[in-house]
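Here's a quick briefing to read alongside the model. Have the sequence and the structure open as you go.

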Amino acid sequence: MAATLCVKYLPKQGWLPLTQSVRHGSKAVTRHRKPMHIHKQKLMAVTKYIPPPKAAPPGAYITATNRVQEENSLVILIKKDLEKLFQNCRMLAVVQNNASNAEDMRLLKHRLYKHGIYVRFFPNKVVQSFLSDSIYCNMAPLFIGPTAVVVSKEPKVKEMLMTLKSSPQMTLLGACIDNTLLSVQGVVHYSKLPSVAVVQGEFVSGLVMLTSNTASMLQRNPTHLSALLQQYIKQQSPESVVEKAT
Amino acid sequence: MISLIKTAVGGLTGICRAHGHLNGPLNSHMKVLAAGLKTYEIPPDYSDVVLPDKPKLKFMNKVPNLKKAKKEMKKLRDIQGPARAANFFTTGQYAIVAMGGGYLHWGHLEMMRLTINRKMDSRTTFARWRINSPYKPITRKGLGQRMGGGKGAIDHYVTPVRYGRLIVELGGKVELGEVEQILTEVAKKLPFPAKVMSRESLEALQKKQADMEQNNQNPWTFKQIAQGNMLGIRKVLSPFDLHSHGCFTGKFHIPGRV
């Protein structure tokens with residue numbers, strides 16, 4: 001009884017700590033693979049072959065040959081057209097074309113044409129390459145997906161916005177008006193501004209009012225003085241003296 | 001060839017034009033004719049291939065001609081690891097390559113010889129053994145005999161084959177497609193995994209292995225760890241692993257390792 005109780009505290013005899021039992025016999029079996037020791041399995045896992053990182057797939061980057069191929073005559077023609085457009089037109093609005101059918105497009109074109117505004121289509125790649133070389137390079141992000149360009153020689157923003165409001169397929173993305181890149185919000189603000197003639201009229205009227213004011217102010221003091229003098233003369237006149245006496 | 005035909009067609013149209021017979025349907029017909037021309041692949045050039053006098057596989061002795069046959073130990077080393085001899089082509093183009101170690105009996109050799117000799121066209125093809133006739137004696141105890149009493153008598157002889165060894169080589173005025181079927185049929189019946197390979201594919205395989213060794217991104221290699229005895233790993237590795245670098249377990253090849 002005592003022995004069984006004290007077993008815990010006695011040093012264990014005839015007990016080897018965690019030895020691996022290695023079998024030495026039957027090494028001649030070649031029919032199957034020998035089971036691998038766990039340490040060797042770990043070693044095999046650690047020393048696995050790791051391939052070098054894959055190169056970028058072909059077509060991921062634009063190659064030099066592609067760039068050279070792009071410069072065919074049609075592209076050059078379109079680029080020339082774009083250049084002329086950017087030079088001549090004061091308003092260039094980029095519009096996203098959300099699957100509008102031919103009928104809608106025809107109507108829109110007609111409505112815009114009434115105000116002297118045109119809708120033009122250019123391939124995005126060509127536009128991007130044109131913009132990257134020009135001073136309008138900040139416009140490049142606007143040309144993504146199916147886009148159209150609404151151009152006019154005069155900045156008729158209000159008319160354009162009115163017309164675009166009637167066709168929900170076309171979404172305004174941004175515009176370049178008088179060499180200023182404007183967002184949609186900016187375009188709306190721009191449209192709310194009065195026209196240049198009105199502003200100039202207001203300005204001129206303001207100026208005229210100032211000059212008339214100065215004239216009146218200059219005339220005011222002498223008239224006041226003369227009035228005072230007249231009153232003084234009236235007071236000094238004999239009638240008044242008589243009155244005093246009485 | 002095509003240019004010649006084109007010129008001929010051009011000449012024909014020229015003649016038509018000269019005679020004033022140039023009309024729509026004829027012209028369109030001409031176009032169709034030119035478009036229908038097909039370019040055939042140039043057949044391979046076998047002008048430098050010399051067929052040997054005896055193109056067929058030779059008969060192999062079942063028992064080596066020895067004065068005194070001696071019993072040997074198992075010596076499993078002779079099927080472990082990669083082949084050091086006959087691991088590339090000599091005269092042929094296509095071969096059966098062992099993808100693991102093993103022993104070939106006389107029966108296997110006879111099967112290969114009969115199948116290949118029967119199925120190949122001996123006027124255009126030749127075949128060569130790349131292995132020796134059975135030379136390793138295997139002993140067996142007789143049936144019903146009690147254990148003990150020393151080593152048994154020699155029962156038969158075998159040919160040990162290591163990984164990567166060519167077994168049979170074919171060549172001549174043939175393409176791989178013509179002999180592949182014969183060779184795969186034979187390779188399936190061998191006592192180890194075997195593959196049909198051409199000169200190019202074997203070279204590609206060896207090059208791929210060399211590339212893998214060159215471009216391995218793993219900083220830890222089996223060779224370095226085993227030879228440096230890191231963390232006392234040699235305790236669980238066999239001396240065989242020091243040479244094979246973990247690419248083999250016994251006669252088996254482990255693919256995809258460097």
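Is A:Glu154 buried, partly exposed or exposed? With a relative accessible area of 44%, A:Glu154 sits between the 20% and 50% cut-offs, so A:Glu154 counts as partly exposed. Keep in mind that this is a predicted model. The rest is grouped by topic below.

**Salt bridges within chain A**

- A:Glu154 pairs with A:Arg90 through a side-chain salt bridge, at 3.2 Å from N to O.
- That pair ties together distant parts of the chain, 64 residues apart: A:Arg90 is in the loop between helix 4 and strand 1 (91-97) of chain A, and A:Glu154 is in the loop between strand 3 (147-152) and helix 7 (157-166) of chain A.
- A:Arg90 is partly exposed too, with a relative accessible area of 37%.
- A:Asp178 joins A:Arg90 and A:Glu154 in a network of salt bridges.
- Another salt bridge has A:Arg120 and A:Asp81 as partners, with their closest N and O atoms 2.6 Å apart.
- Here, too, distant parts of the chain are linked: A:Arg120 belongs to strand 2 (residues 117-120) of chain A and A:Asp81 to helix 4 (residues 73-88) of chain A, 39 residues apart.
- A:Arg120 is partly exposed at 27% relative accessibility, and A:Asp81 is partly exposed at 27% as well.

**Salt bridges elsewhere**

- Over all chains, a search of the whole structure turns up twelve salt bridges.
- In chain B, B:Asp121 and B:Arg123 form one, with the closest N and O atoms 3.5 Å apart.
- B:Asp121 is partly exposed at 33% relative accessible area, while B:Arg123 counts as exposed at 69%.

**Where the chains meet**

- Chain A puts 20 residues into the contact and chain B puts in 25 residues.
- Together the two chains bury about 1900 Å², with 68% of that on carbon and sulfur atoms.
- The count between chain A and chain B is one salt bridge, and A:Lys40 and B:Asp241 form a salt bridge at 3.0 Å, N to O.
- On the side of chain A that touches chain B there are ten nonpolar, five polar and five charged residues.

**Nonpolar cores**

- The largest nonpolar core has 27 residues, and those touching the most other members include B:Leu104, B:Trp129 and B:Leu183.
- Helix 4 of chain B gives this core its largest share, five residues.
- Beyond its neighbours within four places in sequence, B:Leu183 contacts several residues, among them B:Tyr94, B:Ile116 and B:Val196.
- A second, separate core of 21 residues includes A:Val75, A:Cys89, A:Met139 and A:Cys176.

Conventions. Residues numbered from 1 in each chain as written. Chains lettered and ligands numbered in written order. Predicted model: local features only at pLDDT ≥ 70, side-chain atom pairs only at ≥ 80, totals over all residues. Heavy atoms only, no water. Contact = heavy atoms within 4.5 Å. Buried area = accessible area lost by both parts, 1.4 Å probe. Salt bridge = Lys/Arg side-chain N within 4 Å of Asp/Glu carboxyl O. Nonpolar A, V, L, I, M, F, W, Y, C, P; charged D, E, K, R; others polar. Core = buried A, V, L, I, M, F, W, Y, C linked by side-chain atoms within 4.5 Å. Buried < 20%, exposed > 50% of the residue type's maximum accessible area, 1.4 Å probe, protein only. Helix = DSSP H or I, 4+ residues; strand = E, 2+ residues; numbered from the N terminus.
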